[in-house]
Amino acid sequence: MLLFAHDAILSDLDGVVYAGPYAIEGAPEALNRAQEEGTPVAFVTNNASRSVDAVAQHLIELGVKTDADHVVSSAQAAAELLAQRLEPGARVLITGAQALADCVEAAGLTPVWSQAEAPVAVVQGFNPKMVWENLAEAAYTLSDADVLWVASNTDFTIPKERGIAPGNGTLVNAVATATKRSPLVAGKPESPIFETAAKALKSSSPVVVGDRLDTDILGGNRAHMATALVMTGVETYESVLSAVPAERPTYIIETLDEFFEEYPQVSVEKTDKGFTATCADARAEVDGKSLNIFAENDVDGWRAATAAWWAQNPDNELPVLPENISRD
């Protein structure tokens, strides 16, 4: 079964394990089963304002068997990125929450909160209580070109109960505009957070599981890891079909339960009109800018469809869809 093709699962949270305050049906049970089958699971989050203990407790309340040692945040990844580049005990200006400062300290560095304390680096993570003075302090410190700047993540938006709100990326951009500098980024869609998670599990062949092409799948691909897009979150089959090469997943699964099934082989052949792909009993044919799907099983049909369409469009720089999609 697909599970045994990899020695660890690096799982996203929102859209994979839960949607808002509620668990996605069957997700906790599937992740618990994976662990019972001997495949460890780490949970990878871009949220740098919550401690790994708080995230683990939330997962436990939803029925997932885990602990803080199996949660990897962008704050941890940022701290590790800093530790790789700085001397032990080096002072780091915290532009973020206490959870970020705790990770910096755990990495053997010294968190400080003002330019007056002579930091040699700035680390920036999301904090809903962030004020102008915090961003200004970071900008003042970064006026020294020798000061290292690391951002936990650059998500421009975050979903909240009342709608979409500005994320850490908007705050990072404010500092970037003031300093005309760009940070190193530790979180998704960059590779360090996945490398940190794999290291924590002592994994050499993990699979990254997520519901977003532009963060989870792109980041996993950048880390040269296998990626599985689960269709319980924000993406649609059409958005997967149109994906640019860097955001194309290794696997497409409807739910996490498909980790306990054999993943069907997908074959692609060149034809006079384009490409034909088969997956189990499904077939997809690309004829120029048209796509025809012949399938009784929906996910197998889309697996074949993406393979054929991606073969037709191997280097598209922008998302591209067929002009016509027919289903028989």
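## Aromatic rings and their neighbours

In this predicted model, Y237 is buried, and W302 is buried as well. These residues bring us to the aromatic pairs, of which the structure holds two.

Y237 and W302 form a stacked aromatic pair, with 5.4 Å from centre to centre and 0 degrees between the planes. Because Y237 lies in helix α9 (residues 237-241) while W302 lies in helix α10 (residues 298-312), the pair ties together parts that are 65 residues apart in sequence.

Y251 and Y263 also form an aromatic pair, but here the arrangement is edge-to-face. This pair links distant parts of the chain, since Y251 belongs to strand β15 (residues 251-253) and Y263 to the loop between β15 and β16 (266-270), twelve residues apart. Y251 has a relative accessible area of 12% and is therefore buried, as the limit for that term is under 20%.

| Pair | Arrangement | Centre to centre | Between the planes |
|---|---|---|---|
| Y237 and W302 | stacked | 5.4 Å | 0 degrees |
| Y251 and Y263 | edge-to-face | 5.0 Å | 70 degrees |

Rings also take part in contacts with charged residues. Which residue lies over the face of F260? That residue is R33, which is placed at 4.0 Å from the ring centre of F260. In a further case, K270 lies over the face of F275, and here the distance from the ring centre is 5.3 Å.

How values were computed. Residues numbered from 1 in each chain as written. Predicted model: local features only at pLDDT ≥ 70, side-chain atom pairs only at ≥ 80, totals over all residues. Heavy atoms only, no water. Phe/Tyr/Trp six-rings, centres within 6.5 Å; stacked < 30°, edge-to-face > 60°. Helix = DSSP H or I, 4+ residues; strand = E, 2+ residues; numbered from the N terminus. Buried < 20%, exposed > 50% of the residue type's maximum accessible area, 1.4 Å probe, protein only. Lys NZ or Arg CZ within 6 Å of the ring centre and 35° of its normal.
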